[in-house]
Amino acid sequence: MNIDADDDIEKCAVLFTARLIEADIPPASNRRGARTYSGHATVMRVTESGKTASATRPASAGKYDEPSPPAENGSGAPQQS
């Protein structure tokens, strides 16, 4: 699998460092505070550790609820504890 977007390559680099995937990650440079990769990443396979980690991940992982608004004290200002 080839991956072109810098933010997705960054995620692959994390998985590669954790030895959850085998991949070729291109060199990176920092420009204006953002990391930019010089090419695409190629993921060759998911390692056994990666398969195990994926299998143990809860089904709800990755799903986020919207945060609830702060409780109000009647004056329109948030309550302080």
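A word on conventions before the details. Residues are numbered from 1 along each chain as its sequence is written, and side-chain values use heavy atoms, with hydrogens and water left out. Since the model is predicted, local features need pLDDT of at least 70 and side-chain atom pairs count only at pLDDT 80 or more, while totals for chains, interfaces and linings use all residues.

Helix 1 has 12 residues and reaches 16 Å from its first C-alpha to its last, close to the 16 Å expected at 1.5 Å a residue, the expected span being 1.5 Å times one less than the number of residues. Its buried residues are Ile 9, Cys 12 and Ala 13. They lie on the same side of helix 1 because they cover an arc of only 105° around the axis, the arc being that of the directions from the helix axis to the C-beta atoms. Here buried means under 20% relative accessible area, exposed over 50%, and partly exposed in between, with a 1.4 Å probe and protein chains only. The buried residues of helix 1 pack against strand 1 (2-3), strand 2 (21-24), strand 4 (34-37) and strand 5 (41-46), with contact meaning heavy atoms within 4.5 Å. On the face turned away from that buried side, helix 1 carries the exposed residues Lys 11 and Val 14.

Next, the backbone. Most residues other than glycine have a negative phi. Just after helix 1, however, Arg 19 takes a positive phi of about 60°, and its place is in the loop between helix 1 and strand 2. Arg 19 counts as exposed, at 66% relative accessibility. Arg 32, in the loop between strand 3 (28-31) and strand 4, has a positive phi near 55°, and this residue is exposed, with a relative accessible area of 89%.

Which residues line the largest pocket? They are Leu 15, Leu 20, Ile 21, Val 46, Gly 50, Ala 53, Ser 54 and Arg 57. On a 1 Å grid over the protein atoms alone, a pocket is an open set of points where a 1.4 Å probe fits, with protein on both sides within 12 Å along at least five of seven lines, and lining residues have an atom within 4 Å of a point. Helix 2, residues 48-56, gives the most to this lining, with 3 residues.

Notes
Helix = DSSP H or I, 4+ residues; strand = E, 2+ residues; numbered from the N terminus.
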